[in-house]
Amino acid sequence: MMQIRWWRYSKWLSSGAPLVVLLAVLWLGVGMSPAQANLRICNKTSSRVGVALGYKDAQGWVTEGWWNMLPGTCETLLEGPLSARYYYLRAVDYDRGGEWGGPNLMCADPKLFTIRDIGECVARGHERAGFFEIDTGELSTWTVQLTEPGRSGKEAEASSGATK
């Protein structure tokens with residue numbers, strides 16, 4: 001039977017090396033986090049873009065805007081796992097004009113806004129604006145990439161990140 005000679009390791013143990021190893025492991029663990037689930041948008045155009053979002057939460061419909069995005073940047077519009085299958089986006093090209101919109105009418109304002117309910121927008125002092133639908137397929141994370149018209153054949157491309 002082999003005996004463990006603890007005296008061989010006593011110098012190493014007393015040197016503080018185990019503490020250094022433990023701290024290194026803890027530091028690595030803090031730096032590593034599980035993949036974030038979010039709704040993100042990336043501005044793949046050469047223009048500054050403003051983005052508005054529409055979605056349904058536990059209390060009903062909400063529209064929010066504007067996220068102002070520089071060319072080549074990405075923004076997280078909603079943090080955490082997505083709770084709905086459908087989200088609605090509207091974007092405006094600040095530099096060259098034009099927009100990414102759609103047939104889904106919701107409330108919006110020209111300045112920063114959060115609006116509850118999508119009915120009677122004008123009567124409540126808001127604008128009616130067209131949003132395009134994003135079908136996330138019930139995935140927990142989703143990224144939309146706004147591209148220049150004609151660059152990819154589509155004005156906005158959606159791509160999924162993680163699965164459910």
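Contact here means heavy atoms within 4.5 Å. This is a predicted model, in which local features need pLDDT of at least 70 and side-chain atom pairs count only at pLDDT 80 or more, while totals for chains, interfaces and linings use all residues. Residues are numbered from 1 along each chain as its sequence is written, and side-chain values use heavy atoms, with hydrogens and water left out.

Start with the fold. The chain has two helices and eleven strands. Both are DSSP runs, numbered from the N terminus: helices are H or I with at least four residues, strands are E with at least two. From the N terminus, the order is α-α-β-β-β-β-β-β-β-β-β-β-β. Among contacts between residues at least 6 apart in sequence, 63% join residues at least 24 apart.

Next, burial. Buried means under 20% relative accessible area, exposed over 50%, and partly exposed in between, with a 1.4 Å probe and protein chains only. Of the chain's 164 residues, 36% count as buried.

Now the aromatic residues. A pair of aromatic rings is described by the distance of the centres and the angle of the planes. Rings of Phe, Tyr and Trp (its six-membered ring) pair if their centres lie within 6.5 Å; planes under 30 degrees apart count as stacked, over 60 as edge-to-face and the rest as tilted. The whole structure holds three such pairs. In one of them, Tyr55 and Tyr87 have ring centres 6.5 Å apart and planes at 40°, so this pair is tilted. Tyr55 lies in strand E2 (residues 49-57) and Tyr87 in strand E5, so the pair ties together parts 32 residues apart in sequence. Tyr55 is buried at 12% relative accessible area; Tyr87 is buried at 2%.

Trp66 and Phe113 form an edge-to-face pair, 5.9 Å centre to centre with 80° between the planes. Trp66 sits in strand E3 (residues 60-69) and Phe113 in strand E8, so parts 47 residues apart in sequence are tied together. Trp66 is buried at 15%, and Phe113 at 5%.

Beyond its neighbours within four places in sequence, Asp109 contacts Trp66, Ile115, Gly125, His126 and Glu127. Asp109 occupies the loop between strand E7 (104-108) and strand E8 (113-116). Asp109 is buried yet has no salt bridge (a side-chain nitrogen of Lys or Arg within 4 Å of a carboxyl oxygen of Asp or Glu). The nearest side chain of opposite charge, Arg124, is 9.1 Å away; Lys and Arg count as positive and Asp and Glu as negative, with His and the chain ends not counted.
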